Amino acid sequence: MPIGVPKVPYRIPGDEEATWVDLYNVMYRERTLFLGQEIRCEVTNHITGLMVYLSIEDGISDIFLFINSPGGWLISGMAIFDTMQTVTPDIYTICLGMAASMASFILLGGEPTKRIAFPHARIMLHQPASAYYRARTPEFLLEVEELHKVREMITRVYALRTGKPFWVVSEDMERDVFMSADEAKAYGLVDIVGDEMIDEHCDTDPVWFPEMFKDW
């Protein structure tokens, strides 16, 4: 059985014949990105760089970000979130599998009305934790203060984008809160559950998928 990234035939604009290109490169050309691992510096730089490039290449067409991630580093997740708010195209966020911790924050950062969860997806939010705690006591106390500020900032973003009162989000973030797709929609983390879109567009083009999927 083949191991590694699968390759698919793809005709690069201007070429007469298709060449074999790895699957993710084809998807990137179609403005479709994937966050399918723990959020660390490398994957953050990869995703933010692609978002900026695609925005420069075409500032109008939507970008699709599929998410299946257990979360990860706080600052790295915030970098992806801020980039999503900065680039000019609308960003669809689509959760399949799981969006936990900072991945749920990124899911929340999609364009309002364009945040989607697949029917069996799971979404989890909780309070941020620091990876800095290797310092001695004085530095430790400074980091606790900084983490408190970041926690308040993230809570305000959740409250603003879900429409929930600040105190409700703050209490919910005191523990791990797991939600189904329908529960995440009721909470305001996503706007649409995937099967609703399938039902709505079953007789028309699947407009919520990237353009390339319309020929499938």
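A polar contact is a pair of N or O atoms within 3.5 Å; within protein, one atom must be able to donate a hydrogen and the other to accept it. In this predicted model, the side chains of His 126 and Ser 101 are joined by such a contact, at 2.9 Å.

The UniProt record, an unreviewed entry, puts the feature "active site" at Ser 101 and His 126. Such annotations may be inferred rather than shown by experiment.

Take Ser 101 on its own. Ser 101 sits in the loop between strand 5 (91–100) and helix 4 (102–108). Its relative accessible area is 15%. Buried means under 20%, so Ser 101 counts as buried. Leaving out residues up to four places away in sequence, Ser 101 touches Pro 70, Gly 71, Met 124, His 126 and Tyr 158.

Now its partner. His 126 also lies in a loop, the one between strand 7 (122–125) and helix 5 (137–162). Is His 126 buried or partly exposed? His 126 has a relative accessible area of 24%. The limit for buried is under 20%, so His 126 is partly exposed. Neighbours within four places in sequence aside, His 126 is in contact with Ser 101, Met 173, Arg 175 and Asp 176.

Next, the rings. The count comes to five aromatic pairs. One of them is Tyr 24 with Phe 34, an edge-to-face pair. Their centres are 5.5 Å apart, and their planes make an angle of 80°. This pair links distant parts of the chain. Tyr 24 is in helix 1 (residues 23–29), Phe 34 is in strand 3 (residues 32–35), and ten residues separate them. Tyr 24 is partly exposed, at 34% relative accessibility. Phe 34 is partly exposed too, at 30%.

Phe 34 has a second ring partner, Phe 66. Here the geometry is stacked, with 5.4 Å centre to centre and 20° between the planes. Phe 34 lies in strand 3 and Phe 66 in strand 4 (residues 63–69), so this pair ties together parts that are 32 residues apart in sequence. At 6% relative accessibility, Phe 66 is buried.

Which charged residues lie over the face of a ring? Arg 156 lies over the face of Phe 166, 4.7 Å from the ring centre. Lys 164 lies over the face of Tyr 187, at 5.1 Å from the ring centre.

Ser 170 is found in helix 6 (residues 166–172). Ser 170 has a relative accessible area of 17%. That is under the 20% limit, so Ser 170 is buried. Not counting residues up to four places away in sequence, Ser 170 touches Arg 151 and Thr 155.

Conventions
Residues numbered from 1 in each chain as written. Predicted model: local features only at pLDDT ≥ 70, side-chain atom pairs only at ≥ 80, totals over all residues. Heavy atoms only, no water. Helix = DSSP H or I, 4+ residues; strand = E, 2+ residues; numbered from the N terminus. Buried < 20%, exposed > 50% of the residue type's maximum accessible area, 1.4 Å probe, protein only. Contact = heavy atoms within 4.5 Å. Phe/Tyr/Trp six-rings, centres within 6.5 Å; stacked < 30°, edge-to-face > 60°. Lys NZ or Arg CZ within 6 Å of the ring centre and 35° of its normal.
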